[in-house]
Amino acid sequence: QVQLVESGGGLVQAGGSLRLSCAASGRTFSAYRMGWFRQAPGKERDFVAAIRWSSGDTFYAGSVKGRFAISRDIAKNTMYLQMNSLMPEDTAVYYCAAATAVTPAQYTYWGQGTQVTVSS
């Protein structure tokens, strides 16, 4: 059983920063790609950023490029999202997700989400 656990959410003022973490566990877990998604109230879940686990190649949504940075610590099976210059429109529940080598095109595993609230 693979588990993804997010942490690091909270309340921050506009212009501030937060760092989210996503710790993956599971005896046979081997990520191919991991990503961050977010869902604001009344909206669909949107892609934020992703990282290819072995190469470290990164991908970003246009709305966060230049402000957010995704990274990973392979030894700790942990992914991070450094969020800078936060804006009220970044307010959402942030989810981490993992795609394994078995199904690389599909995010198979999801975390429970962590709330990020940015006040103006």
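## The nonpolar cores

The largest nonpolar core in this predicted model holds 28 residues, and those with the most contacts inside it are Met34, Trp36, Met79, Leu81, Met83 and Tyr94. At least two residues of this core come from each of β3 (18-25), β4, β5 (46-52), β7, β8, β9 and β11 (114-119). Apart from it lies another core, of 5 residues, including Ala50, Ala97, Ala99 and Tyr107. A nonpolar core here is a set of buried Ala, Val, Leu, Ile, Met, Phe, Trp, Tyr and Cys residues joined through side-chain atoms within 4.5 Å. Buried means under 20% relative accessible area, exposed means over 50%, and partly exposed is in between (1.4 Å probe, protein chains only). Strands are DSSP runs of E with at least two residues, numbered from the N terminus. As general background, nonpolar side chains tend to be buried together in soluble globular proteins.

Leaving aside neighbours within four places in sequence, Met83 is in contact (heavy atoms within 4.5 Å) with Gly16, Ser17, Leu18, Leu20, Arg67, Phe68, Tyr94 and Val116.

## How the model was read

Residues are numbered from 1 along each chain as its sequence is written, and side-chain values use heavy atoms, with hydrogens and water left out. This is a predicted model, so to speak of local features pLDDT of at least 70 is needed, side-chain atom pairs count only at pLDDT 80 or more, and totals for chains, interfaces and linings use all residues.

## Aromatic pairs around Phe37

Two rings pair when their centres lie within 6.5 Å, using Phe, Tyr and the six-membered ring of Trp; planes under 30 degrees apart count as stacked, over 60 as edge-to-face and the rest as tilted. By this rule there are 4 aromatic pairs. In one of them, the ring centres of Phe37 and Tyr107 are 5.1 Å apart and the planes stand at 80°, so the pair is edge-to-face. This pair links distant parts of the chain: Phe37 is in strand β4 (residues 31-39) and Tyr107 is in the loop between β9 (92-100) and β10 (109-110), 70 residues apart. Phe37 counts as buried at 12% relative accessibility, and Tyr107 counts as buried at 16%.

Phe37 also pairs with Trp110: their ring centres are 5.0 Å apart with planes at 55°, so this pair is tilted. Because Phe37 lies in strand β4 and Trp110 in strand β10, the pair ties together parts that are 73 residues apart in sequence. Trp110 is partly exposed, with a relative accessible area of 35%. Phe37, Phe47, Tyr107 and Trp110 form one aromatic cluster.

## Arg45 over two rings

A charge sits over a ring if NZ of Lys or CZ of Arg is within 6 Å of the ring centre and within 35 degrees of the ring normal. Arg45 lies over the face of Tyr95, at 3.9 Å from the ring centre. The charged end of Arg45 also sits over the ring of Trp110, 4.8 Å from its centre.

## Salt bridges

Side chains of opposite charge can pair when their charged atoms come close. With a salt bridge taken as a side-chain nitrogen of Lys or Arg within 4 Å of a carboxyl oxygen of Asp or Glu, the whole structure has 3 salt bridges. Arg38 bridges to Asp90, with the closest N and O atoms 2.9 Å apart. Arg38 lies in strand β4 and Asp90 in the loop between β8 (78-83) and β9, so the pair ties together parts 52 residues apart in sequence. Asp90 also meets Arg67 in a salt bridge, at 2.8 Å from N to O. Here Arg67 is in the loop between β6 (58-60) and β7 (68-73), 23 residues apart from Asp90. Arg67 is buried at 14% relative accessible area, and Asp90 is buried at 1%. Through shared partners, Arg38, Arg67 and Asp90 join into one network.

Arg52 and Asp57 meet in a salt bridge too, at 3.9 Å from N to O. Arg52 counts as partly exposed at 29% relative accessibility, and Asp57 is partly exposed at 38%.

## Positive phi in two loops

Asn77 has phi near 50°, a positive value in a residue other than glycine. Asn77 is placed in the loop between β7 and β8 and is partly exposed at 23% relative accessibility. Ser85, also not a glycine, has a positive phi of about 50°. Ser85 is placed in the loop between β8 and β9 and counts as partly exposed at 40% relative accessibility.

Definitions and conventions:
Helix = DSSP H or I, 4+ residues; strand = E, 2+ residues; numbered from the N terminus.
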